[in-house]
Amino acid sequence: MTMLAHDRCCDEIAHQVGLLRSVVTSGPDLSGTVPTCPDWSLEDLVRHTGGALRWVEFIVRTRAQEEVAEARVPHIEGPAARGDAAVLDAWLAESGERVVAALREAGPDTEVWAWAGIRSTGFWARRMTHEITVHRADATLAAGLPYEVAPDVAADAIGEWLQIVEYVQRTQPHDAASELRGPGRSIHLHATDTEPGLDAEWLVELTEGGVTWRRGHETATVALRGPLTAVMLAFYRRLPLEAPELKVLGDRRLLEFWLERATFG
C-alpha cells in the first residue's frame with residue numbers, strides 16, 4: 001500500500017474536522033483536562049488543532065519558502081471568548097474549510113517550506129490529515145465518546161510517524177530518538193482486523209545506523225498485536241499497552257523504550 005493520495009488527504013481533513021466539530025458541539029466540558037494531553041483542556045486542544053490548520057493554510061496560500069511565525073497568521077489563536085462551543089465550532093469549521101481549499105488549489109507538488117525535508121504541499125496535506133486524526137482521538141477520549149478511523153488513514157498514520165522518526169534521527173542527533181540506535185532489536189506491529197490488501201503489518205528495526213522499517217510479517221524482539229485503530233493509538237501513545245484489545249508478545253520493555261523516545265513535534 002502506498003501513502004494516501006493528495007485528494008484523499010484533503011477529503012479526510014474535511015471529514016476529520018467535521019467529526020471534531022461534532023465533539024465540540026456534543027456538550028462536553030470544554031474546560032476539562034484531556035487525559036492524553038494533560039497540559040491542555042479540551043478547548044486548548046481544539047484551539048491548537050484549528051490553529052495548526054490555519055498556520056498550514058497560510059504557508060500553502062502564500063507559498064512560503066521559510067518558516068512562518070505564528071504571529072503572522074490571522075485568527076490563529078481562535079475566538080477571544082472562551083467556553084462558547086458555538087463560537088469555537090464556527091472558528092474550527094472555517095479553519096478546516098480554508099486549509100482544504102488552499103491544499104486543493106495548490107495540488108500536491110507545489111514547493112513550500114516544510115520541516116521534515118519534504119518541501120511540498122503534499123507533505124502538509126498528509127501531515128494535517130494525521131495531526132487532526134490523532135488529536136480528534138484525544139478529544140473523543142476526553143469527551144467519553146467512541147472513536148473510529150478509516151483503515152487506510154490509520155495505516156498511513158503509522159507509516160508517516162515512522163518516516164518522521166527516521167528524519168528526526170538523521171537531523172537531530174541529540175534528540176531522544178537518537179537513543180533508539182543499536183543492533184539486534186526489532187518491533188513488529190500487526191493489525192489483526194484488516195483486509196490483506198491493506199498490508200497492515202510493519203517491522204521496525206533499531207540499528208546502529210538508525211531506525212529502518214518495512215511492511216510485512218516477520219519475527220521480532222517484541223510484537224504489538226490488535227485491531228488496527230488500537231495499534232495506531234497505542235503507537236501514538238494514546239492507548240495504554242494494557243488495553244484489553246491489545247496484546248504484547250516478547251520484550252515489552254523494548255516497546256516501552258520506543259514509545260518513550262520515538263516522539264516528534
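User: Which residue stands opposite G226 in β6?

Analyst: In this predicted model, the residue opposite G226 of β6 is A191.

User: And in which sense do β3 and β6 pair, parallel or antiparallel?

Analyst: Strand β3 (residues 185-191) and strand β6 (residues 222-226) are paired in the parallel sense, over 5 bridges.

User: What is the strand order of the sheet?

Analyst: The order is β5-β4-β3-β6-β7, an open sheet of 5 strands with mixed pairing. From one strand to the next, the twist averages 15°.

User: Which strands stand at the edges?

Analyst: Those are β5 (210-215) and β7; each has a single partner strand, so one side of each lacks a neighbour in the sheet.

User: Which strands does α7 lie across?

Analyst: Helix α7 (residues 252-261) lies across β3, β4, β5, β6 and β7, at about 85° to β3. Helix α5 (residues 151-171) lies across β3, β4 (201-207) and β5, and runs at about 155° to β5.

User: Changing topic: how do the axes of α1 and α3 cross?

Analyst: The axes of α1 (residues 6-24) and α3 (residues 85-106) come within 10 Å and cross at roughly 180°, which makes α1 roughly antiparallel to α3. The residues of this contact comprise 13 nonpolar, 2 polar and 5 charged.

User: Now R238. Where is its place?

Analyst: R238 is in the loop between α6 (228-235) and β7 (247-250).

User: Buried or exposed?

Analyst: R238 counts as buried, because its relative accessibility is 16%, and the cut-off for buried is under 20%.

User: What joins its side chain to D138?

Analyst: A polar contact of 2.8 Å joins the side chains of R238 and D138. Beyond four places away in sequence, R238 also touches other residues, including T36, C37 and L141.

Methods. Residues are numbered from 1 along each chain as its sequence is written. This is a predicted model: local features need pLDDT of at least 70, side-chain atom pairs count only at pLDDT 80 or more; totals for chains, interfaces and linings use all residues. Side-chain values use heavy atoms; hydrogens and water are left out. Helices (H or I, at least four residues) and strands (E, at least two) are DSSP runs, numbered from the N terminus. Buried means under 20% relative accessible area, exposed over 50%, partly exposed in between (1.4 Å probe, protein chains only). A polar contact is a pair of N or O atoms within 3.5 Å; within protein, one must be able to donate a hydrogen and the other to accept it, and residues adjacent in sequence count only if both atoms are side-chain atoms. Contact means heavy atoms within 4.5 Å. Axes are lines fitted to C-alpha atoms, for helices over the stretch in contact, and angles run from 0 to 180 degrees between N-to-C directions. Angles under 35 degrees count as roughly parallel, over 145 as roughly antiparallel, 65 to 115 as roughly perpendicular and the rest as oblique. Ala, Val, Leu, Ile, Met, Phe, Trp, Tyr, Cys and Pro count as nonpolar, Asp, Glu, Lys and Arg as charged, and the others, Gly among them, as polar. Two strands pair if DSSP finds at least two bridges between them.
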